[in-house]
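This briefing covers a two-chain protein model, for a reader who has its sequence and coordinates at hand.

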Amino acid sequence: MDAKNNNISVFLVDDNEVFLKALASSLLEYFDSEILIESFVTGEECLKKIQQNPETATDVVILDYHLNTVSEKAMNGIDVLKKIKEINSKIIVVMLSAEDKLKVASDSLSYGANEYVVKSETAFIRIQNILKNSLEQEYDSRILRITMMILEKYPELYQYIEEMQETIPGEKSPHLTLKNLKTYYNSLESMLDKYALEHPQNVKQ
Amino acid sequence: MKKNETAEHIENICDFKYLSETMGGKKKAIREVIDAFIEQVPQQLKSINDAIAKTDYSMIKRFAHLMRSSISIMGIYTLVPILQEMENLGTKATDIEKIKKLNEQLNSISNQALEEIERVKPNYI
């Protein structure tokens with residue numbers, strides 16, 4: 001994925017290829033072209049892909065807790081989760097498990113998973129909602145942080161925010177989509193990157 | 001089955017309602033999952049059979065667990081308690097004879113389900 005790709009990238013990790021295919025198809029059905037999906041049958045493959053491009057490889061990982069069925073020596077979901085968070089703590093991780101067990105849930109959440117979902121009949125619907133809500137919250141807060149930073153450190157850029165064409169839909173166009181949020185966030189980030197490149201003397205730590 | 005009848009309308013081992021609803025009724029998406037199931041489940045059954053032949057309880061547990069996710073997606077609910085029990089016995093590493101009996105049921109029902117799925121597959125193009 002390119003650094004400024006405006007699609008939301010989602011990695012799916014499960015050693016059950018039937019579940020993997022069903023989950024990918026259900027998410028594509030729900031989110032349509034707003035997300036890009038990549039599927040992995042081991043955590044190792046997923047980590048390798050993230051390590052190639054830690055900051056931009058993916059926005060979300062949906063990760064199964066049991067990943068060592070086909071290969072006994074494969075990393076389990078908790079170890080993969082820890083590694084993902086070490087590489088890039090901003091990546092949203094949703095942990096999946098076939099059992100509704102307190103220990104699995106508490107371990108997952110304590111190691112940084114944003115959500116824990118049991119593979120029950122309602123799992124796909126829950127994952128869709130979690131994904132939508134988590135990503136909206138994440139991009140809302142990123143936009144808020146970067147906007148505040150511009151206001152505090154680079155007020156001279158504020159006028160350009162208002163002039164930008166890519167804005168978050170307001171009351172007149174309430175159909176706020178994840179892609180709008182990501183596009184808007186990326187535009188702010190690009191503006192800062194460009195400013196830093198053209199005016200290195202003005203960059204503040 | 002009538003020519004235009006889709007899978008959710010027939011009384012069978014598989015209940016495609018869940019899959020169909022999850023995929024928003026999109027035939028292409030349903031077909032992709034069906035294809036993955038037809039490809040993966042025979043391999044999963046073979047892995048369980050091999051594990052039983054070796055009395056490898058750990059493998060029995062792991063593959064019974066794996067297969068539970070697959071069969072739930074295809075609505076083969078009669079297999080859920082069978083696989084659950086195989087997984088439990090595998091965890092306890094006990095009663096291989098009971099596991100063998102459960103495995104006979106698993107193979108029989110799975111093969112029937114695969115036949116059903118092959119029959120309805122042409123409706124999802």
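This is a predicted model: local features need pLDDT of at least 70, side-chain atom pairs count only at pLDDT 80 or more; totals for chains, interfaces and linings use all residues.

Residues are numbered from 1 along each chain as its sequence is written, chains are lettered from A and ligands numbered from 1 in the order in which they are written, and side-chain values use heavy atoms, with hydrogens and water left out.

**Chain A overall**

- Chain A holds seven helices and five strands, where helices (H or I, at least four residues) and strands (E, at least two) are DSSP runs numbered from the N terminus.
- Starting at the N terminus, the order of elements in chain A is β-α-β-α-β-α-β-α-β-α-α-α.
- Of the 205 residues in chain A, 49% are buried; buried means under 20% relative accessible area, exposed over 50%, and partly exposed in between (1.4 Å probe, protein chains only).
- Among the contacts in chain A with a separation of 6 or more, 67% are between residues 24 or more positions apart; contact means heavy atoms within 4.5 Å.

**Helix H1 of chain A**

- The 15 residues of H1(A) should span 21 Å at 1.5 Å a residue, and the end C-alpha atoms are 21 Å apart, which agrees; the expected span is 1.5 Å times one less than the number of residues.
- Buried residues of H1(A) include A:Val18, A:Phe19, A:Leu20, A:Leu23, A:Leu27 and A:Phe31.
- At the start of H1(A), the backbone nitrogen of A:Val18 has a side-chain oxygen of A:Asn16 within 2.9 Å.
- Just after H1(A) comes A:Asp32, with a positive phi of about 55°.

**A:Ile78 in helix H3 of chain A**

- A:Ile78 is located in helix H3 (residues 77–87) of chain A and is buried, at a relative accessible area of 8%.
- A:Thr58 is 20 residues from A:Ile78 along the chain, and their C-alpha atoms are separated by 18 Å.

**Helix H4 of chain B**

- H4(B) (residues 79–92) has 14 residues and reaches 20 Å from first to last C-alpha, close to the 20 Å expected at 1.5 Å a residue.
- Its buried residues are B:Leu79, B:Ile82, B:Leu83, B:Met86, B:Glu87, B:Leu89 and B:Gly90. They lie on the same side of H4(B) because they cover an arc of only 165° around the axis, the arc being that of the directions from the helix axis to the C-beta atoms.
- The exposed residues B:Pro81, B:Thr91 and B:Lys92 sit on the face of H4(B) turned away from its buried side.
- The cover over the buried residues of H4(B) includes helix H2 (27–53), helix H3 (57–73) and helix H5 (96–120) of chain B.
- B:Ala93 follows H4(B) and has a positive phi, near 50°.

**Interface of chains A and B**

- Chain A and chain B each contribute 22 residues to the contact.
- About 1,900 Å² is buried between the two chains, 60% of it on carbon and sulfur atoms; buried area is the accessible area (1.4 Å probe) that two parts lose on being put together, summed over both.
- On the chain A side, A:Val18, A:Glu29 and A:Thr69 lose the most area to chain B, together 32% of what that side buries.
- One salt bridge is counted between the chains; a salt bridge is a side-chain nitrogen of Lys or Arg within 4 Å of a carboxyl oxygen of Asp or Glu.
- B:Lys26 and A:Glu29 form a salt bridge, with their closest N and O atoms 2.9 Å apart.
- Helix H1 (residues 17–31) of chain A supplies eight residues, the largest share of the side of chain A that touches chain B.

**Salt bridges within the chains**

- Over all chains the count is 18 salt bridges.
- A:Lys119 pairs with A:Asp14 in a salt bridge, the closest N and O atoms being 2.8 Å apart. The two are 105 residues apart, A:Lys119 in the loop between strand S5 (115–118) and helix H5 (123–153), and A:Asp14 in the loop between strand S1 (8–13) and H1 of chain A.
- A:Lys119 counts as buried at 17% relative accessibility, and A:Asp14 is buried at 1%.
- A:Lys119 also forms a salt bridge with A:Asp64 (3.4 Å, N to O). A:Asp64 lies in strand S3 (residues 60–64) of chain A, so the pair ties together parts that are 55 residues apart in sequence.
- A:Asp64 counts as buried, at 3% relative accessibility.
- In chain B, salt bridges link B:Arg31, B:Asp35, B:Glu118 and B:Lys121 in a network.

Terms used:
A polar contact is a pair of N or O atoms within 3.5 Å; within protein, one must be able to donate a hydrogen and the other to accept it, and residues adjacent in sequence count only if both atoms are side-chain atoms.
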